[in-house]
Amino acid sequence: MRRRPRVPLAQCALALMLAAARAAELPAGAQAGDLIFREGTEAISAAVMAADGGAFSHVGMLVGRPGQWHVVHATPSEVRGRPDGVVADTLAFFTDPRRSKRHVVYHVEASGEQRRRAVDRVQAMLGRPFRVADGAGTYCTALVWQAWKDAGLDLEVRFTSLSLPLLPGRYLLPSDLLASPRMRPLMPGARASGPPPFPTASAH
């Protein structure tokens, strides 16, 4: 039986680094305050997408600037020893292929002042516990929605009623947030001030 040739460890590491670098690229026009959605790789990601029927399982808000992007998001711990909660991760960490199958950035149509306040507000919530049905905490979609609401911008979303075991209630699902008329997707080469590169999601 012929053995398969071994791939050098350095070559594997380089391939992973290149994949992560490509994943961390953002489309032109992305700004602090815009939202980045991803399709996660964990079992919880599949559960969220099954309940939602949408294409993405998680969302965070971009903060920083080109070359120094971070994502503030509410999440179960993705780092050993770090508690569940609102955290700021590098863009490369958030979009790493080990955590993200794909991602997309949605531009929020807002004034400069609203954008500044939304970023300030989401950063003020760093350290808040991750909770799905507890007012003492928050979850990913509720975090970014609340930050923009506190900044004076209503994203005009609707919450979905779910009969979850022990946690029935109304939840803001990723597809609910994507349906906001205040947002549009960015594609490589698209400018934030230009027309939508393709139709925005419709309400369901």
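# Reading buried faces and ring pairs

User: Which residues in α4 are buried?

Analyst: In α4, the buried residues are Gln114, Arg115, Ala118, Val119 and Val122. They cover an arc of only 135° around the axis, which puts them on the same side of α4. The arc is taken from the directions that run from the helix axis to the C-beta atoms. Buried means under 20% relative accessible area, exposed over 50%, and partly exposed in between, with a 1.4 Å probe and protein chains only. This is a predicted model: local features need pLDDT of at least 70 and side-chain atom pairs count only at pLDDT 80 or more, while totals for chains, interfaces and linings use all residues. Residues are numbered from 1 along each chain as its sequence is written, and side-chain values use heavy atoms, with hydrogens and water left out.

User: What is exposed on the other side of α4, and what covers its buried residues?

Analyst: Gly112 and Ala124 are exposed on that other side. The cover over the buried residues includes β2, β3, β5 and α5. Contact here means heavy atoms within 4.5 Å.

User: What should the 13 residues of α4 span?

Analyst: The expected span of a helix is 1.5 Å times one less than its number of residues. For α4 (residues 112–124) that gives 18 Å, and the end C-alpha atoms are 18 Å apart, which agrees.

User: How many helices and strands does the protein have?

Analyst: Helices (H or I, at least four residues) and strands (E, at least two) are DSSP runs, numbered from the N terminus. The protein has 6 helices and 8 strands, in the order α-β-α-β-β-β-α-β-α-α-β-β-α-β along the sequence. Of contacts between residues at least 6 apart in sequence, 62% join residues at least 24 apart.

User: Which residues have the most contacts inside the largest nonpolar core?

Analyst: In soluble globular proteins, nonpolar side chains tend to be buried together. A nonpolar core is a set of buried Ala, Val, Leu, Ile, Met, Phe, Trp, Tyr and Cys residues joined through side-chain atoms within 4.5 Å. The largest one here has 46 residues, and those with the most contacts inside it are Leu35, Phe37, Met61, Leu62, Trp148, Leu155 and Leu177. Helix α5 (residues 140–150) gives the largest share, 7 residues. Across the protein, buried residues make up 42% of the 204 residues.

User: How many residues of α5 are buried, and what does Trp148 touch?

Analyst: α5 is mostly covered, with 8 of its 11 residues buried. Among them are Cys140, Leu143, Trp145 and Trp148. Leaving aside residues up to four places away in sequence, Trp148 touches Gly33, Leu35, Met61, Val108, Ala110, Gln114, Arg115, Ala118, Leu153 and Leu155.

User: How many aromatic pairs does the structure hold?

Analyst: Rings of Phe, Tyr and Trp (its six-membered ring) pair if their centres lie within 6.5 Å; planes under 30 degrees apart count as stacked, over 60 as edge-to-face and the rest as tilted. The structure holds 4 such pairs. One of them, Phe37 with Tyr106, is edge-to-face at 5.6 Å centre to centre, with 70° between the planes. Phe37 lies in strand β1 (residues 35–40) and Tyr106 in strand β5 (residues 100–108), so the pair ties together parts that are 69 residues apart in sequence. Phe37 is buried, at 0% relative accessible area, and Tyr106 is buried at 8%. Trp145 and Phe159 also form an edge-to-face pair, at 5.2 Å and 80°. Trp145 belongs to helix α5 and Phe159 to the loop between α5 and β6 (160–162), so this pair ties together parts 14 residues apart in sequence. Trp145 counts as buried at 16%, whereas Phe159 is partly exposed at 22%. Phe37, Phe56 and Tyr106 form one aromatic cluster.

User: Where does the charged end of Arg38 sit?

Analyst: A charge sits over a ring if NZ of Lys or CZ of Arg is within 6 Å of the ring centre and within 35 degrees of the ring normal. The charged end of Arg38 sits over the ring of Phe94, 4.5 Å from its centre. Arg99 has its charged end over the ring of Phe93, 3.5 Å from the centre.

User: What phi does Glu156 have?

Analyst: Most residues other than glycine have a negative phi. Glu156 has a positive phi of about 55° although it is not a glycine. Glu156 is in the loop between α5 and β6 and counts as partly exposed at 41% relative accessibility.
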